[in-house]
Amino acid sequence: MNYGNYEPGTLTSRRRPTPTEFVHLRSWIDVDEKSIDITNIANLKNINLQLEQTSKLYASNVISRAIAQLMGSYGDGFVTLEATEDGELKVHLAASTNAIGSLAAGSELIGKVEVAGSSRTVLKAKIDFSTAATHEIIAAVAGKKIKVCNLMLTVAGDTNLTLKSATTALSGALDFGGTNEPRGMVHGFGDFPLETASGEAFQITSSGAVQVSGYVTYFTE
């Protein structure tokens with residue numbers, strides 16, 4: 001029987017060439033690496049330009065964590081920049097009681113840096129009145145806002161209290177001392193202090209002639 005080009009013994013075509021070598025293709029790509037010579041500080045400072053000229057692209061399905069060190073140019077060399085515990089850039093200023101410290105003037109002046117914490121002078125004021133009227137708790141400071149950090153008070157009877165910046169209400173009427181109403185409050189304002197307008201006093205208006213006692217902590221800015 002003539003099978004033509006078909007070979008029944010091997011179930012293949014007679015015209016198909018038989019492979020002489022079997023190889024497996026690689027499933028990865030060899031990295032083409034290039035090296036650059038950094039011979040002076042100027043080249044190191046222009047490292048972005050060097051990287052653009054020798055860019056490499058890596059693709060990977062491996063998740064990794066990178067630990068980076070941030071360096072800053074100083075004189076003829078470099079120093080390591082520090083960070084705070086929450087990951088922000090750490091800035092040192094000379095000892096001062098001001099909340100804002102000026103950076104030294106230079107060819108590239110950044111501006112001003114706000115320093116939180118001990119650089120602010122935290123003050124206290126007493127709350128102590130017993131008449132139905134508006135009472136000044138913290139006197140106005142020309143050109144500055146009063147920023148209340150914490151507020152604590154108790155009431156001896158039924159009254160409504162309104163927190164004010166001079167005559168402008170900062171809160172609605174807060175009900176205290178009545179049936180099923182609280183007899184006081186303790187509140188910390190956290191990162192967002194309760195603040196007056198610039199140059200205005202912090203005041204509390206009481207609707208009832210009852211004793212109101214407590215204190216506030218604050219700073220001016």
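## Close-up views of a predicted model

**View 1. Lys147 sits within strand 9, which spans residues 146-155.** Lys147 has a relative accessible area of 13%, so the residue counts as buried, the cut-off being under 20%. Its side chain has a polar partner: the side chain of Glu221, at 2.9 Å. Setting aside neighbours within four places in sequence, the residues in contact with Lys147 are Pro193, Leu194, Glu195, Thr217, Tyr218, Phe219 and, once again, Glu221.

**View 2. Strand 15, residues 202-206, is mostly covered.** Take a walk along this strand and you will find that five of its five residues are buried. Which residues point one way from strand 15, and which the other way? Phe202, Ile204 and Ser206 share one direction, while Gln203 and Thr205 take the other. Residues on both sides are buried.

**View 3. Strand 15 pairs with strand 8 in an antiparallel arrangement.** Strand 8 covers residues 134-138, and four bridges join it to strand 15. To find your place in this pairing, look for His135, which stands opposite Ile204 of strand 15.

View 4. A handy landmark here is Leu161, which stands opposite Ser206 in strand 15.

**View 5. A nonpolar patch lies on the surface.** Its members are Leu70, Tyr74, Val79, Leu81 and Leu89, and together they have about 520 Å² of accessible area. Let us pick out Leu81, found in the loop between strand 4 (77-80) and strand 5 (100-102). Is Leu81 buried, partly exposed or exposed? Leu81 is partly exposed, because its relative accessibility is 38%, whereas Lys147 in the opening view is buried.

**View 6. Stepping back, the chain holds two helices and 16 strands.** Of its 221 residues, 22% are buried. The accessible surface of the chain comes to about 16800 Å², with 52% of that belonging to carbon and sulfur atoms. Consider next the contacts between residues at least 6 apart in sequence: 64% of them join residues at least 24 apart.

Notes
Residues are numbered from 1 along each chain as its sequence is written. This is a predicted model: local features need pLDDT of at least 70, side-chain atom pairs count only at pLDDT 80 or more; totals for chains, interfaces and linings use all residues. Side-chain values use heavy atoms; hydrogens and water are left out. Patches are made of residues with over 30% relative accessible area and no salt bridge: like charges are joined within 9 Å, nonpolar side chains (Val, Leu, Ile, Met, Phe, Trp, Tyr) within 5 Å. Accessible areas come from the Shrake-Rupley method with a 1.4 Å probe; for residues, only the protein chains shown count as cover. A salt bridge is a side-chain nitrogen of Lys or Arg within 4 Å of a carboxyl oxygen of Asp or Glu. Buried means under 20% relative accessible area, exposed over 50%, partly exposed in between (1.4 Å probe, protein chains only). Contact means heavy atoms within 4.5 Å. A polar contact is a pair of N or O atoms within 3.5 Å; within protein, one must be able to donate a hydrogen and the other to accept it, and residues adjacent in sequence count only if both atoms are side-chain atoms. Two strands pair if DSSP finds at least two bridges between them.
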